[in-house]
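Reader: Hi! Could you walk me through this structure?
Author: Happy to, here it is.

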Amino acid sequence: MFEGIKGPGDAPSVDGAALRVAIVHARWNTELITPLVEGARKKLLEGGVKESNIVIQSVPGSWELPIACQRLFAASQVQASSAPSGDLLGGLGRSSTPVPGSTSSASAGPFDAIIAVGVLIKGDTVHFEHIAESVSRGLMRIQLDFGVPVIFGLLTVLNEDQAKKRAGLTADGHNHGEDWGNAAVEMGVKRKQWA
Ligand code: DLZ
């Protein structure tokens, strides 16, 4: 649960049955990434998105999230107009996913939303600041350049305890991945409405 006044408020009732959604996640800090991805996926399914229309891809670390989101979306656009069904991911290849039951095969069509998931934990150097700033800007650029919602699933935390709480791994925690899944359904539906 969110404490105090924080949180996205009550989500409007939307039907994600017509949506195609990609989850792109870093593998750094996998113990935290796995519940976040699973939380997002759970809310996509609850929001009506079909299992076959959820694509999950992994990249080494958060730094790689922007290029993966960019190529994945571009490939889905090309595939929608020309490539044979099942060749959605183009040069990216299939994912190895840490989430049981997840799939990377999907029907044709450009993604309606992409969820970018990573966990950056501050260390002793300014490395964290560089990656956090660049990845944030990169993801914003992709959503504005392509006109596709890129849900900001990048946790930028000061220590592991903060990360565990936000991955729903503590008694007083809340899985932010669930909020990202809800946001993807809402924004995917709105993107279609605003087309
Ligand atoms: C190198 C690195 C470090 C130190 N920390 C993290 C982190 O906390 N979270 C994360 O997602 N990735 C980290 N990385 C890996 C970089 O994001 C990137 O994958 C490598 O520098 C290769 O480009």
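Predicted model: local features only at pLDDT ≥ 70, side-chain atom pairs only at ≥ 80, totals over all residues.

**Strand pairing and a helix**

Author: In strand 2, Gln57 is the bridge partner of Val24. Strands here are DSSP runs of type E with at least two residues, helices are H or I runs of at least four, and both are numbered from the N terminus. The chain goes from strand 1 through helix 1 (residues 30–46) to strand 2, a right-handed β-α-β crossover: clockwise from the first strand over the helix to the second, with the strands pointing away from the viewer.

Reader: How many bridges join strand 1 to strand 2?
Author: Six, and the two strands run parallel. Pairing takes at least two DSSP bridges between strands.

Reader: And which residue in strand 3 stands opposite Ala22?
Author: Ile114. Strand 1 and strand 3 (residues 113–121) are also parallel, with five bridges.

Reader: Why is strand 1 largely enclosed?
Author: Because six of its six residues (21–26) are buried, meaning 20 or more other C-beta atoms within 10 Å of their own, with C-beta atoms placed from the backbone (exposed is 12 or fewer, partly exposed in between).

Reader: Switching topic, how far apart are the end C-alpha atoms of helix 2?
Author: They are 25 Å apart, which agrees with the 24 Å that its 17 residues should span at 1.5 Å a residue, taken as 1.5 Å times one less than the number of residues.

Note on methods. Residues numbered from 1 in each chain as written.
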